[in-house]
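Good morning, and thank you for the time. I should like to take you through one protein model. Please look at the sequence and the structure together.

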Amino acid sequence: MILVVKTIDADGNLETEDDQTAGEGWEFQLDLEDGDIEEAFPVTDADGIGGWLFTLPIDGTNASVTEMIQDNFDLIDAFCVDAGSLAAPEALRSRIDAEGDIVGELDGDSVSFPVEAETAYICFFANSPEPEDSVGGETATPEITLPPTDAFGGPQAPSNESWRIMLVVLAGILASALILTPSPATRRK
Ligand SMILES: [Ca+2]
């Protein structure tokens with residue numbers, strides 16, 4: 001299983017969290033080198049969650065999760081973690097509390113990593129809206145003063161651990177709920 005957790009960060013700074021909201025209606029693509037996708041929820045819901053259930057003919061293959069970046073948004077960071085075995089929710093929970101293991105980092109607009117059967121993976125994608133100054137004439141401040149602190153060299157600052165941990169914990173709750181609650185059967189009378 002791979003879960004995608006989609007976050008929109010209004011100011012593009014992942015360290016400030018009060019401007020982060022769930023990204024609904026974002027589409028993702030999963031490419032499995034080998035294996036079959038059993039169920040797909042490729043478009044994120046109101047909680048910013050999407051994902052796939054898959055089976056593997058062999059234990060281990062490569063997966064690649066790609067975001068369909070929407071117009072006027074920048075993809076600012078993404079990574080995936082190994083959340084542990086689907087067969088042991090308790091172990092999964094404790095492992096998520098410990099942040100899990102990062103298995104893949106953003107490369108282009110994708111995160112690629114090896115997957116195994118019966119294992120949960122959680123992928124986090126964070127976007128920010130592009131500044132609207134490209135339209136011209138609507139910039140609030142005519143003179144832009146760059147912040148003096150540029151120790152990390154631009155917007156692609158090194159991964160911020162605190163926001164990642166927070167997201168992983170959040171997704172852990174969601175993943176546990178998914179596992180403990182069998183996937184909702186479509187009930188039709
Ligand atoms: Ca922010």
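I shall speak about confidence, then strand pairing, and then the nonpolar core.

This is a predicted model. The protein has a mean pLDDT of 78, and 63% of its residues reach 70 or more. Two stretches call for caution. Residues 136-142 have a pLDDT below 50, and beyond near neighbours in sequence this stretch has two contacts in the model. The pLDDT is also below 50 over residues 149-158, a stretch with four contacts beyond near neighbours in sequence. Where pLDDT is low, predicted coordinates should not be read in detail.

Let me turn to strand pairing. Strand S7, residues 73-85, runs antiparallel to strand S10, residues 119-129, and eleven bridges join the two. S7 also pairs with strand S8, residues 101-107, in the antiparallel sense, over four bridges. Please find phenylalanine 79. Its bridge partner in S10 is phenylalanine 124, and its bridge partner in S8 is glutamate 105.

Finally, the core. The largest nonpolar core has 30 residues. Ile2, Leu3, Val4, Val65, Tyr121, Ile122 and Cys123 are the residues with the most contacts inside this core. Which elements each supply at least two of the core residues? They are strands S1 (2-9), S3 (28-32), S5 (49-55), S6 (61-67), S7, S9 (110-115) and S10, together with helix H2 (161-180). S10 gives the most to this core, with seven residues.

Note on methods: Residues numbered from 1 in each chain as written. Predicted model: local features only at pLDDT ≥ 70, side-chain atom pairs only at ≥ 80, totals over all residues. pLDDT = per-residue confidence, 0-100. Contact = placed C-beta atoms within 7 Å. Pairing = 2+ DSSP bridges. Core = buried A, V, L, I, M, F, W, Y, C linked by C-beta atoms within 7 Å. Buried ≥ 20, exposed ≤ 12 C-beta atoms within 10 Å, placed from the backbone.
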